[in-house]
Amino acid sequence: MDVGRQEAPVRPPHTRPRPRAVLAMAPGVREEVFGHEALRRLGELTELHDQVLHEVSSPDALRALAGAEVLVTGWGCPKIDAGLLDRAPGLRLVAHAAGTVKTFLDPAVLERGVRVCSAADANAVPVAEFTFAAIVFGAKRAFTLARRYRERGTRRDFSGLPWLGTRGVTVGLVGLSRIGRRVMGLLGGLDADVLVYDPYADPAGIAELGGTAVDLDTLVRRSHVVSLHAPETRETRRMLDARRLSMLRDGAVVVNTARGGLVDTDALVKEVRSGRLDAILDVSDPEPLPAGHPLFDLPNAFVTPHLAGAQGNELGRLAESTLGEIARYAAGLPLLHEIDRGELDRMA
Ligand SMILES: NC(=O)c1ccc[n+]([C@@H]2O[C@H](COP(=O)([O-])OP(=O)(O)OC[C@H]3O[C@@H](n4cnc5c(N)ncnc54)[C@H](O)[C@@H]3O)[C@@H](O)[C@H]2O)c1
């Protein structure tokens, strides 16, 4: 062994101090999203302030913000805007442990060079699973036929349906979003053709994923099942209006796990009530639907209480994703789920 050779210096694993982090979210959300182990890891990765901020104006909150480099946000967090940045001059990263940041983040924050990431991709997993199930149950008329069974007691009365089953169906996805892409992947397990409408997506990219890019009217005309995955914006509000709903084939199924405002609810109720269309809705406009709303009672409508996103044991994925981003930030690596200012307006 050449004892005279100089060893290269061993670098300590942390070349800079751990960033100071503060959690900001509604009461109870830390416990719901971050289990014991996730909090332990967050405490390892950062110098974690021991209180969760529910507001940003008390002396305690102001002290915590003054020293914060990372703000870990979650559901019900306070608004993050230029005023907050003035109180948190060292803030470099907002790591959101939930989906959309649009409800609380002023885009000015991104313009001031603070990086923002979210767990929307982790939240997309259960929404896509739910949507896939909704598409299969929709095509099999599971809800309508279950009700028929319950009410008429006839086990195999499948009469009067314009079409039934998943074989060879055309599924139209509106929005090649995080969720839309995952749904597309799951649809690979079905014998289905996939049409996609997304004016911001590259048609070649859609073809590579196994779909066909079309305009919205074509999608509506050709699909057996239409599933919505676009954000609610001025462009998408009521994109399924009375005219487009009337263009859908008889027996088509409208699946909405996106936002209720994308559909004209009154026009949908008319079509569902007539028996021409079926609807599976995890979101609605208004939301919640008032008690006694026809969509609760029509046999060919199935309404769930906005449950497709992460719930229960799925919440741990949001914490995992957030911890991954903070670890990458602390190690000086590129983030995987960083929000780009240019894309914010057309994102969910
Ligand atoms: N039900 C739930 O629990 C739940 C949970 C999470 C998200 N969501 C909703 O699901 C939808 C998709 O969320 P995401 O995170 O996958 O979205 P995303 O931000 O990943 O993508 C949005 C996509 O919509 C496309 N788009 C923008 N304008 C469009 C238009 N005019 N027409 C068609 N496409 C357009 C964009 O190009 C982009 O591909 C959103 O409406 C979101 O609010 C619901």
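The model is predicted.

Start with the ligand. The shell around the ligand holds 27 residues, and D198, A230, E235, G309 and A348 come nearest. By class, the shell splits into 13 nonpolar, eight polar and six charged residues. Two helices to look at here are α6 and α8, the latter spanning residues 178-187; each supplies at least two residues of the shell.

An oxygen atom of the ligand sits 2.8 Å from a polar backbone atom of A348. A348 is also among the residues that come nearest to the ligand. As for cover, the ligand taken alone exposes 880 Å², and the protein buries 91% of that.

Next, helix packing. Two packed helices are described by the angle between their axes and the distance between the axes. On the α6 side, the contact involves A122, N123, V125, P126 and E129. On the α14 side, R317, L318 and S321 meet them. This contact has four nonpolar, two polar and two charged residues. Recall that α6 also supplies at least two residues of the ligand shell.

Helix α14 has a contact with α2 as well, which covers residues 36-45. Here the axes come within 10 Å and cross at roughly 10 degrees. The cut-off for roughly parallel is under 35 degrees, so α2 and α14 are roughly parallel to each other. From α2 come A38, R41, L42 and L45. From α14 come A319, L323, I326 and A327. The class count is seven nonpolar, no polar and one charged.

Finally, the backbone. Most residues other than glycine have a negative phi, and most peptide bonds are trans. Which residues does a cis bond join in the loop that holds P286? The bond runs from D285 to P286, with omega near 5 degrees. That loop lies between β11, residues 278-281, and α13, residues 294-297. P288 lies in the loop between β11 and α13 too. The peptide bond joining E287 and P288 is cis, with omega about 0 degrees.

R141 brings in phi. Its phi is near 55 degrees, a positive value in a residue other than glycine. R141 is placed in the loop between α6 and α7, the latter covering residues 142-152.

Note on methods: Residues numbered from 1 in each chain as written. Predicted model: local features only at pLDDT ≥ 70, side-chain atom pairs only at ≥ 80, totals over all residues. Heavy atoms only, no water. Contact = heavy atoms within 4.5 Å. Helix = DSSP H or I, 4+ residues; strand = E, 2+ residues; numbered from the N terminus. Nonpolar A, V, L, I, M, F, W, Y, C, P; charged D, E, K, R; others polar. Near = heavy atom within 4 Å. Polar contact = N/O pair within 3.5 Å; in protein donor to acceptor, adjacent residues only side chain to side chain. Areas by Shrake-Rupley, 256 points an atom, 1.4 Å probe, with all protein chains shown as cover. Axes fitted to C-alpha atoms, helices over the stretch in contact; angles between N-to-C directions. Parallel < 35°, antiparallel > 145°, perpendicular 65-115°, else oblique.
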